[in-house]
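Notebook open, structure on screen. I'm jotting down what I look up as I go.

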Amino acid sequence: MNLVFFGPPGSGKGTQAKLLKNKFNIPHISLGDMLRDEVRAESEIGKRAGEIMNAGKLVPDELTIELTRERLKKPDCQQGFILDGFPRSLLQAEALEQILNDLQMKLDKVVYFQVDEDEVVGRLSGRRSCKKCGAVYHIKFNQPRVAGRCDNDGEMLCQRPDDAEAAIRTRFEVYARQTLPVLEGYRQANLLATVAAQGEIDDVFARVLAAINDGGHQA
Ligand code: AMP
């Protein structure tokens, strides 16, 4: 199953993508995670992307398009994939169509995580993650066994720089202006499955599974 997970910052698409990846055994392709890896590795891409990401803005399209193209070429994507955080602009959406055409693949569904902005701000400001393994927690909704430490490797948990308040605001503006317009094309192509993304992680996951199986309802 070839899926795009689409939604505002903090809508939980990354968390849900990880659950689905484990259930279906298909890769979770998170552009945000890939870019953070580049920043950590101090690669050329990472050097170009780091400050832009911390400010909550979109990194240049050509970077994410190339990263996505190279990732989708890998053999593990033949069984399906979950694209999380791409496309985030109309240009990226066009590029994705081209990439999939070139690879003789097609999208099965775009899962749209619909959530209240107020709820989302609370989620983002309480989010903590492990720099070493990328596991994501929340100080209220998804606590680690030991406060402030990763369950997997005991590393100290930290807050993403772009989860600071000013960057959160920018990310919402960017989402509304650059990303949301992408949705219309998917709606017209009849690919959209909308999921109510508020509430408990397990409840949302049940809705995701239902949306994938029966197409959910068109928004
Ligand atoms: P995320 O982890 O999905 O919230 O992404 C974190 C940050 O990475 C975003 O705020 C952007 O700066 C950058 N980013 C991730 N995906 C993209 C994309 N498709 N296009 C441009 N920038 C992106």
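I started with Glu42, which I count as exposed because its relative accessible area is 59%, over the 50% cut-off. This is a predicted model, so I read everything here as a prediction. Glu42 sits in the loop between helix H2 (31–40) and H3. I checked its backbone too: phi is positive, about 55 degrees, although Glu42 is not a glycine. I noted that because most residues other than glycine have a negative phi.

Next I looked at Asn190. Its phi is near 65 degrees, again a positive value in a residue other than glycine. I found Asn190 in the loop between H8 and strand E8 (192–196). Is Asn190 buried or exposed? It counts as exposed, because its relative accessibility is 59%.

Then I went after peptide bonds. Most of them are trans, in general. The one from Phe86 to Pro87 is cis here, with omega near 0 degrees. I placed Pro87 in the loop between strand E3 (81–84) and helix H5 (90–102).

On to the ligand. Which residues are closest to the ligand? I got Arg36, Lys57, Gly85, Arg88 and Gln92, out of 16 residues that surround it. I sorted the shell by type and found six nonpolar, four polar and six charged residues. H2 gives the largest share of the shell, four residues.

I also wrote down backbone contacts to the ligand. For Lys57, a backbone N or O atom lies 2.5 Å from an oxygen atom of the ligand. For Val59, a polar backbone atom is 3.1 Å from a ligand nitrogen. For Gly85, a polar backbone atom is 2.8 Å from a nitrogen atom of the ligand. I then looked up the ligand's area: taken alone it exposes 490 Å², and the protein buries 96% of that.

Arg123 was next, and I found it in helix H6. Its relative accessibility is 13%, so Arg123 counts as buried, given that buried means under 20%. What does the side chain of Arg123 have by it? One of its polar atoms lies 3.1 Å from the backbone oxygen of Gly10. Leaving out residues up to four places away in sequence, I listed the residues Arg123 touches: Gly10, Ser11, Gly12, Val115, His138, Ala197, Gln198 and Gly199.

I moved to Phe113, in strand E4. Phe113 counts as buried because its relative accessibility is 0%. I checked Phe113 against Val195: they are 82 residues apart in sequence, yet their C-alpha atoms are 5.1 Å apart in space. Val195 is also on the list of residues that Phe113 touches, with residues up to four places away in sequence not counted. Others on that list include Phe5, Phe6, Pro8, Val204 and Val208.

Which residues of H7 are buried? I have Ala167, Ile168, Thr170, Arg171, Phe172, Val174, Tyr175 and Thr179. The buried residues of H7 pack against strand E1 (2–6), helix H3 (44–54), strand E4 (109–114), helix H6 (117–125), strand E5 (127–130) and helix H8 (182–188). That list takes in E4, where I found Phe113, and H6, where I found Arg123.

Key:
Residues numbered from 1 in each chain as written. Predicted model: local features only at pLDDT ≥ 70, side-chain atom pairs only at ≥ 80, totals over all residues. Heavy atoms only, no water. Buried < 20%, exposed > 50% of the residue type's maximum accessible area, 1.4 Å probe, protein only. Helix = DSSP H or I, 4+ residues; strand = E, 2+ residues; numbered from the N terminus. Contact = heavy atoms within 4.5 Å. Near = heavy atom within 4 Å. Polar contact = N/O pair within 3.5 Å; in protein donor to acceptor, adjacent residues only side chain to side chain. Areas by Shrake-Rupley, 256 points an atom, 1.4 Å probe, with all protein chains shown as cover. Nonpolar A, V, L, I, M, F, W, Y, C, P; charged D, E, K, R; others polar.
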